[in-house]
Every structure is written in C-alpha cells, then in structure tokens.
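Here's a quick walk through a structure, with an eye on where its parts meet. Have the viewer open as you read.

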Amino acid sequence: MKYSYFPGCSLERNASAYHVSAMAIAEPLGMEFVEVEDWNCCGATEYVSLNLIASYALIARNLAQAAKETSTKQLVAPCSACYLNLKKCNAYMEESPSLEEKINLALAAGGLSYKGGTLKVRHLLDVIVNDVGYEAIAAKVTKPLKGLRVAPYYGCMIVRPKLGKNGTFDNPEYPTTLDKLLKVLGATVIDFPLKAHCCGGHMTQISESTGFELIRRLIKGATDYKADLIVTLCPMCQLNLDAFQGAMNAHFNTTYHMPVLYFTQMIGLAFGMDAASLGIGTELVDARPALEKIGVEVPEAEIVVKKPPKEALPMPSMPEEK
Amino acid sequence: MSSASVSPTPEGIRQKTFLEEVIENTPGDCHLLNCIQCGTCGGSCPSGQDMDHTPRAIFAMISAGLKKEVLKSNTPWYCVSCYYCTVRCPQSVHITDIMYTLKRLAVKEKVYDDSKAPDFSKTFVDWVENYGRAFELGLMSMHLIKHNPFGVFKMAGMGMGMISKGRMAFTPTRIKGIDSLKAILNKAKELEAMA
Ligand code: SF4
Ligand code: SF4
C-alpha cells in the first residue's frame with residue numbers, strides 16, 4: 001500500500017526515533033510512504049488559539065501539497081496532534097462551504113487550492129492495524145516480546161473527537177487496537193484504565209502543577225499495574241511522559257522510573273530488528289533494564305552531539321508586547 | 001463592505017449577543033444552543049479543578065451575556081484539548097472548539113488576566129509564521145526567559161538530556177515555500193479582519 005506521509009515538526013527532531021522506527025518497519029509491512037513535499041507545521045494547539053482562518057489555512061496548505069501526489073488519496077500522520085488537525089480541517093472544509101471558500105481564497109494567494117474530503121486522513125496506528133492487519137503482522141514476528149509487561153497508552157487526539165462521516169477508527173473511551181497489536185507481538189498487555197487519558201499537552205509550559213499532575217497520574221498508574229514500560233503512539237505524549245518525567249519526579253519528590261517507547265519500536269523489536277536501528281536509546285528514562293527482560297541489548301547510544309553554530313541564533317521578532 | 005463593521009448599529013437592527021458571537025466564530029455547527037446544563041463536561045474535565053469556572057458554568061455565562069467575565073476566565077487556557085467533554089456531551093456541543101473560540105476572542109479583546117498561555121501560543125506561532133516549522137528550543141527558551149527565569153535552571157536538566165540524546169535542534173528549519181505560506185497566512189488574516 002502506498003501512502004502520503006506527513007511527519008510533522010516533532011518527528012524531525014525530538015521524536016526522530018518514532019520516524020526512524022516507522023520507516024524501518026514500513027518495508028516488512030509492505031507499506032510505501034511518500035513524504036508530503038515541503039510540508040509545514042500543523043499549528044499544534046497554538047495557532048487555532050489565536051487565529052481561526054489562518055490556522056485552518058496553515059493546515060490546508062499541507063492538504064493541498066499532499067493532494068498533488070496523485071498516486072494515493074491516503075494521508076498518514078504519526079503524530080496525534082497533526083493527525084487531528086489535518087482530519088479536522090479536511091472534515092470542516094467538507095462540512096462548511098463558507099469556511100472552505102475562505103480557506104481557498106487564502107490558499108489562492110499562494111497558488112494552491114484544496115477541496116475538503118479529497119484525501120482520507122489517517123493515523124499511522126490505524127493503517128498498520130487495519131490495512132496491514134494483525135495476521136500479516138503476526139506472520140512477521142520472529143522475536144516475540146514474551147515476558148514484557150506493557151501499558152498501552154493512546155492519549156486523546158487519536159480517538160477523540162468523532163469527526164466527519166467516518167468518526168474514529170477506535171473507541172473514544174476504551175480503545176483496544178494498540179492492546180491487540182501488542183498482544184500479537186507477544187507482550188503481556190495490562191488493562192490500563194488510564195489509556196485514553198490526557199498527557200497534559202503543552203501544560204508543563206503554562207502551569208507546572210497542572211501539567212506535572214497529569215503526567216504523574218499516568219506514570220503512577222502504569223507503575224501500580226507493574227508495567228515494565230509504556231507504549232505510546234504520539235510524540236507529544238512521549239515527550240511529556242519521558243522527557244518531563246524527571247522534572248515531575250522532582251516536583252513531587254518521587255522516584256518513578258517508567259520508560260516510554262513508541263509502538264513502531266515494539267513492532268521492530270518483535271521483527272528481530274536491532275534496537276539502535278529503531279532509535280532505542282534516545283529516550284531520557286532508560287529503557288535498557290526493561291528490555292533486558294526480553295534479551296534485547298541496547299548499545300550505549302552513540303549520538304554525535306552537534307555543536308551549536310557559532311553565529312547567533314536566527315531569532316524572529318518577539319510577539320509584540322502589550 | 002469593510003465600513004459596515006465599524007459603522008454604528010443602524011436603528012432597528014439589534015447588536016449581536018455574545019452567544020451569537022461565540023457560535024459565529026466557531027467552525028461548523030457547534031450546537032451550543034442545545035446545551036442542557038447537565039454538567040457532564042465539567043465532570044469529565046481533567047483540569048477542572050484548576051479552572052475558575054467549569055465548562056458548564058461558562059456556557060451558562062455565555063447565554064447570560066457575561067462577555068467580560070467569560071473572556072477573563074482562565075477556563076479556556078486550562079483546557080488541554082482532551083476532547084473527553086466533546087465525546088461525552090449528550091447534546092453534541094463542540095465544547096473543545098468553543099474553548100478555542102473563547103481563547104481567540106479573549107486575545108482579540110486583550111482581556112485575559114494571565115498572559116502566560118497566550119504568550120506561549122504567540123511565540124510558537126511566531127516561529128511558524130517565519131519559518132513554516134515549529135522550533136522547540138527557541139520556543140521553550142524564549143518562553144522560559146520571559147515567564148519563568150528561574151525555571152530555566154529547573155528545566156536545564158531536561159534540556160541537556162534532550163541535547164545529549166540528539167533530540168533538540170539548535171537552529172530552526174525553514175520551508176522552501178515560506179513566501180507562499182506567508183502570502184496565504186496574510187490573506188487569511190485579511191479575511192478574518194473583514195468578518
Ligand atoms: S455536557 Fe454538553 S449539554 Fe451538558 S453542560 Fe456540558 S455542554 Fe451542556
Ligand atoms: S477538552 Fe478541555 S474542557 Fe473538555 S474535558 Fe478536556 S480539558 Fe476539559
């Protein structure tokens with residue numbers, strides 16, 4: 001199957017492990033990804049907090065760019081926030097002719113246009129479990145994740161809200177596709193009650209106590225259920241649960257140690273791929289002790305830290321002061 | 001056309017209510033008129049305890065025309081976009097979308113109390129408008145310096161961890177079509193100003 005692929009800003013850098021592992025498993029799964037030409041940021045949850053038409057036009061530029069690829073009508077996003085933004089824009093443009101008209105007036109200024117509903121926007125998890133399918137995945141498993149207790153974590157935007165004709169591909173309150181996938185890979189999957197709860201999004205930057213509390217609940221929940229690690233499908237969730245885990249521990253004076261890996265990395269491991277080629281080792285909360293349980297060795301990460309450039313950082317103007 | 005919005009309300013034509021303004025500024029049909037004040041939204045909200053009004057209360061206040069109180073409230077800024085309320089609402093009110101509408105109206109009228117969240121959005125958008133891509137290091141450091149200088153030290157450990165793992169870029173990426181993107185966004189803002 002061929003798909004247009006929208007990596008999104010997170011996968012360019014902080015979640016490059018997600019991108020690398022997705023690309024590594026594409027071939028054995030029989031999937032071909034064509035990156036959207038010169039894509040731009042989806043605006044996350046920030047642009048729509050300031051401007052309505054501009055935020056939708058920003059997203060629609062990506063839809064228009066993706067629609068130029070005529071060999072497929074399926075647009076896949078691995079990031080849940082990108083996925084929801086693209087899906088929402090696609091659905092609202094189809095639903096509301098006046099919004100579609102305004103967006104197209106804006107796109108025309110850049111020589112582009114897009115008709116709502118032309119593409120089908122899908123999350124990477126959706127295409128892997130529904131297009132490739134559990135059976136075909138099971139057939140490729142050579143190193144089952146036997147003995148590994150995992151907490152499947154979906155977060156919010158992959159399953160909520162229901163939008164357009166197709167709604168969501170999994171249950172908005174109690175999703176199960178990731179659970180089933182991880183079982184197929186041979187892992188022991190805990191029935192994680194917080195699996196569709198919120199990671200806090202950008203809250204660590206707005207109100208530390210609110211943000212850290214949302215992170216704490218999830219980490220504590222997985223720890224109480226004796227999970228060896230949390231498996232996620234969103235770079236924002238991974239960033240909050242992994243990179244902010246230390247700051248959360250400091251805030252509450254706790255000592256949780258809960259590694260957080262991507263589902264694409266778990267698929268790669270079960271397919272017998274080597275950990276480093278899946279970007280394992282770039283997580284901040286060390287996953288090695290957990291992976292030792294299934295006999296996976298992770299070499300010390302050999303990451304070459306690039307020196308900051310000598311010349312000053314190109315800083316755009318600060319938003320105007322009040 | 002553009003003078004219509006600044007001319008005084010002609011006699012006989014009443015001014016838009018705040019409720020109408022909110023509905024008009026929310027994409028699609030947001031079903032706000034159907035709210036039955038059941039409270040399911042507030043009961044589902046993970047950050048409800050930090051909000052000064054629950055979403056249900058906010059909707060009652062919107063209906064009552066309490067524009068200033070609503071737009072000054074921290075409620076929309078504490079919304080983490082989890083969409084639990086939206087999928088649970090028995091009346092299919094697009095609650096999360098309405099929270100975004102309230103943020104936009106508060107920014108437009110400059111009435112929010114705490115500038116931290118709006119500034120975060122503005123800094124984020126500033127990078128996107130100039131480069132076409134988000135830039136985490138620039139965003140986080142500029143935001144911390146402005147709003148939480150002591151937080152720089154607290155977050156430094158995390159930042160160094162990200163850098164040592166190769167997960168933080170030092171320079172932003174600029175898309176090739178930045179000029180065309182800028183033209184699109186400028187046109188979009190023009191259209192917004194006309195509405
Ligand atoms: S859940 Fe829906 S109907 Fe109930 S109070 Fe909230 S918005 Fe109104
Ligand atoms: S979407 Fe926002 S308002 Fe609704 S439950 Fe989640 S945090 Fe609360």
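What follows covers the contact between two chains and then the surroundings of a ligand.

## The A–B contact

Keep in mind that this is a predicted model. Chain A puts 83 residues into the contact, and chain B puts in 80. Together the two chains bury about 7400 Å², and carbon and sulfur atoms account for 64% of that area.

On the polar side, 28 residue pairs are in polar contact across the interface of chain B and chain A, counting pairs with both residues at pLDDT 80 or more. There are also 5 salt bridges between the chains. One to look up in your viewer is Lys88(A) with Asp97(B), where the closest N and O atoms sit 2.5 Å apart.

## What chain B brings

Which helix of chain B gives the largest share of the side that touches chain A? That's helix 8 of chain B, with 15 residues. Helix 8 spans 116-131, and the other helices of chain B that supply at least two residues each include helix 7 (95-109), helix 9 (136-147), helix 10 (151-164) and helix 11 (178-194).

Sorted by class, this side of chain B splits into 38 nonpolar, 21 polar and 21 charged residues.

## Around ligand 1

Ligand 1 has 14 residues around it. Cys35(B), Cys38(B), Gly39(B), Cys41(B) and Cys89(B) are the closest of them. In chain B, helix 2 (40-44) and helix 3 (55-63) are the elements that give two or more residues to this shell.

As for the make-up of the shell, 9 residues are nonpolar, 4 are polar and 1 is charged.

Technical notes:
Residues numbered from 1 in each chain as written. Chains lettered and ligands numbered in written order. Predicted model: local features only at pLDDT ≥ 70, side-chain atom pairs only at ≥ 80, totals over all residues. Heavy atoms only, no water. Contact = heavy atoms within 4.5 Å. Buried area = accessible area lost by both parts, 1.4 Å probe. Salt bridge = Lys/Arg side-chain N within 4 Å of Asp/Glu carboxyl O. Polar contact = N/O pair within 3.5 Å; in protein donor to acceptor, adjacent residues only side chain to side chain. Helix = DSSP H or I, 4+ residues; strand = E, 2+ residues; numbered from the N terminus. Nonpolar A, V, L, I, M, F, W, Y, C, P; charged D, E, K, R; others polar. Near = heavy atom within 4 Å.
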